[in-house]
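This report describes the fold and selected local features of a single protein chain. The sequence and the structure are shown first.

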Amino acid sequence: MSGEESASATWHSVVDCSAVDSGEAYGAEINGQQIVIFHTEEGFFCTGNLCTHGEAMLSDGLLDGCIVECPLHFSQFDVRTGEALSSPAFIPVSSYPTRIVDEKVEILMPS
Ligand code: FES
């Protein structure tokens with residue numbers, strides 16, 4: 001078991017790697033949670049999709065490198081960590097480990 005895994009977390013296959021172009025985002029619902037996969041030059045990252053400031057989906061935002069900008073009030077989040085980098089949001093979005101298995105992006109979520 002790696003340091004990122006625990007007995008109460010499960011890997012979920014989300015999307016084919018080829019279905020998400022570099023610089024694009026892919027929103028999905030896993031276990032009732034809205035999540036988004038970002039394809040960056042550093043690889044695939046996953047965070048919660050709902051902005052922590054309001055009712056906006058980060059999958060609709062602008063991805064620049066590893067920073068996504070909320071489409072509603074333009075807070076920026078680091079997609080690698082979920083950290084909120086600029087106001088009005090200050091609470092981070094959830095961040096989920098990713099891996100590639102058989103050309104699909106998988107994410108590790110609490111069960
Ligand atoms: S809803 Fe995202 S910054 Fe306000």
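Predicted model: local features only at pLDDT ≥ 70, side-chain atom pairs only at ≥ 80, totals over all residues.

## The loop between β9 and β10

E103 is exposed, because 9 other C-beta atoms lie within 10 Å of its own, and the limit for an exposed residue is 12 or fewer. The residue is found in the loop between β9 and β10. Although E103 is not a glycine, its phi is positive, at about 65 degrees.

Seven bridges connect β1 and β10 in the antiparallel sense. Within this pairing, V15 has V105 in β10 as its bridge partner.

## The sheet β5-β6-β7

Another open sheet consists of three strands in the order β5-β6-β7, and its pairing is antiparallel. Here β5 (62-64) and β7 (76-78) stand at the edges; each is paired with a single strand, so one side of each has no neighbour in the sheet.

One of the residues involved is L63, whose bridge partner in β6 is V68.

Strand β2 (residues 25-30) and strand β3 (residues 33-40) run antiparallel and are joined by six bridges. A28 stands opposite I35 in β3. The hairpin formed by β2 and β3 has two residues between the strands, and N31 takes a positive phi near 55 degrees there.

G43 is found in strand β4 (residues 43-48). It has 14 C-beta neighbours inside 10 Å and so counts as partly exposed; the limits for the classes are 12 or fewer for exposed and 20 or more for buried. Along the chain, G43 and Y26 are 17 residues apart, and their C-alpha atoms are separated by 14 Å.

## The nonpolar core

Which residues have the most contacts inside the largest nonpolar core? They are V36, I37, F38, C46, L58 and F77, in a core of 23 residues. Two or more residues each come from β2, β3, β4 and β10 (104-110). The contribution of β3 is the greatest, at four residues.

L58 illustrates these surroundings. Residues up to four places away in sequence left aside, L58 touches V36, T47, N49, C51, V68, C70, F77 and V93. Two of these partners, V36 and F77, are among the residues with the most contacts inside the core.

## A cis peptide bond

S87 and P88 are joined by a cis peptide bond, with omega at about 10 degrees. P88 has its place in the loop between β7 and β8 (95-96).

## Overall architecture

The protein contains ten strands and zero helices. Its radius of gyration is 13 Å, close to the 13 Å that the globule rule gives for 111 residues, so the protein is as compact as a globular protein of that length. Taken along the principal axes, the box filled by the C-alpha atoms is roughly 40 × 30 × 25 Å.

Buried residues make up 27% of the 111 residues of the protein. Among the contacts between residues at least 6 apart in sequence, 41% join residues at least 24 apart.

Methods
Residues numbered from 1 in each chain as written. Pairing = 2+ DSSP bridges. Core = buried A, V, L, I, M, F, W, Y, C linked by C-beta atoms within 7 Å. Contact = placed C-beta atoms within 7 Å. Rg over C-alpha atoms; globule rule 2.2 N^0.38 Å.
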